[in-house]
Amino acid sequence: MTATDEWLKVESLDLEAQGVAHNAEGKVVFIDGALPGEEVRVSVQRRKNNWEQATVVDLRRESSQRVTPRCRHFGTCGGCKMQHLHVGAQVATKQRALEDGLWHLGKVKAERVLRPIEGPAWGYRYRARLSVRHVVKKGKVLVGFHERKSSYVADMDSCEVLPAHLSALLVPLRELIASMEQRDRLPQIEVAVGDAVTALVLRHLEPLSAGDLQRLRDFAAEHGIQWWLQPKGPETVRRLDDVGPELAYTLPEFGITMPFKPTDFTQVNHQINQVLVGQALRLLDAQAEERVIDWFCGLGNFTLPIATRARQVLGIEGSEALVARSRENAVVNGLSGKTEFVARNLFEITPQELAGYGRADKWLVDPPREGAFALAKALAELAADPSFAAGYRAPGRIVYVSCNPATLARDAGLLVHQAGYRCVAAGAVNMFPHTAHVESMAVFERS
């Protein structure tokens, strides 16, 4: 580490929530903890030919958007990167990242900027993966997120982005693990909160003794949680005791209840998810006579609400297990007659296979971080050469929900410049306040 005497003016914020400046040599400097408009001196941790990475050591001019971080572990814990930036400015930064990505990577400009979707800034994280480490030298067990830029577990006893009842469990969990015979073989606790159930999935590398199982049961009874055990991969997850209510979340606007397992993919922020689904369906505007395809449908988070509006919905997902769960959820909600679910690897879809799923009036696309490149490419190839499938007609509208602005921009470029669509609207979704994660939504219509 090398401290510098030069004062740097911070020009912008990058997607990792680092301030961006240039030093006297013209080299880019990425500065952890710095905000746009600030003048700082830094300590350089890493040097490359074209850039340096640094942290703030002195601040001469402070941004008006700088706030005092609420969490006392901020800066050490790697769970949050932006607590020092006003939450409204965080949203504006993410909106700008979305618009810049669409233009610079996809050469696409949305005709209308959607108002950002926002929700609670604290206590929102209903899904989390907590690391567990018995640190013999310290004589204690740590339970929490990793330290920033480190494989070590942060020594934290509270967390402001977890719901209050989960934050309050961090110290009791440390004490519980410390009391267990297998404390050196318990690397992880995954958290999933439903509307009525808090589930904790304990990863254990060796079979648990009868004594340890009883300790888990006593803890569950005292703290009102539900234990699940994971001896190997996610497919091995089972409830410790098959009693009590089912883990589920609801979408009240559509009268939908979604049972799920704690290792299933669900959105981290339940409040934002409810608003996101409602907004997506209003933008999709599915009519009673229309057929819709929901690509990367998961548990049916969008499929089932769409089925309350459209004539028929086809949900397509890569995981056989999630497809099975989607079918079960359709039955639970009385929508099995209006839905169909198919398992298919959507990262390898061809134009002919795309056409084989039949004509749909509208699409909902909600891919993982890798995006939906193969799907957009197949649609573009069908537009360029209709001989792939005589009579196929592309959807009139596509609502694309993204968790990665770079892959959204790439796919948007294909849809706009090759598949014949206009990007009529786009906006940010602050699914993960205080982190650099950018969720967004874009709407495309056939020209």
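How far is the sulfur of Cys297 from the closest cysteine sulfur, and in which residue does that sulfur lie? It is 15 Å away, in Cys403, which is too far for a bond. Welcome to a predicted model, where local features need pLDDT of at least 70, side-chain atom pairs count only at pLDDT 80 or more, and totals for chains, interfaces and linings use all residues. Residues are numbered from 1 along each chain as its sequence is written, and side-chain values use heavy atoms, leaving out hydrogens and water.

**Cysteines**
- With a disulfide taken as a pair of cysteine sulfur atoms within 2.5 Å, the count comes to 0.
- Cys297 is buried, at a relative accessible area of 5% (buried means under 20%, exposed over 50%, partly exposed in between, with a 1.4 Å probe and protein chains only).
- Cys80 is also buried, at 8%, and its sulfur lies 6.3 Å from that of Cys159, its closest cysteine sulfur, too far for a bond.

**Helix H5**
- H5 covers residues 270–284 (helices, H or I, have at least four residues and strands, E, at least two; both are DSSP runs numbered from the N terminus).
- Most of H5 is covered, with 11 of its 15 residues buried, among them His270, Asn273 and Leu284.
- Where H5 starts, a side-chain oxygen of Asn269 comes within 3.4 Å of the backbone nitrogen of Gln271.
- Just after H5, Asp285 has a positive phi of about 55°.

**Thr339**
- Thr339 belongs to strand E18, residues 339–343, and is buried at 9% relative accessible area.
- Leaving aside residues up to four places away in sequence, Thr339 touches Leu304, Ala307, Gln312, Val313 and Ala330 (contact means heavy atoms within 4.5 Å).

**Aromatic rings**
- There are 6 aromatic pairs in the structure (rings of Phe, Tyr and Trp, the last by its six-membered ring, with centres within 6.5 Å; planes under 30 degrees apart are stacked, over 60 edge-to-face, the rest tilted).
- One of them is the edge-to-face pair of Trp295 and Tyr357, at 5.8 Å centre to centre and 85° between the planes.
- Trp295 lies in strand E16 and Tyr357 in the loop between helix H8 and strand E19, so the pair ties together parts 62 residues apart in sequence.

Definitions and conventions
The expected span of a helix is 1.5 Å times one less than its number of residues. A polar contact is a pair of N or O atoms within 3.5 Å; within protein, one must be able to donate a hydrogen and the other to accept it, and residues adjacent in sequence count only if both atoms are side-chain atoms.
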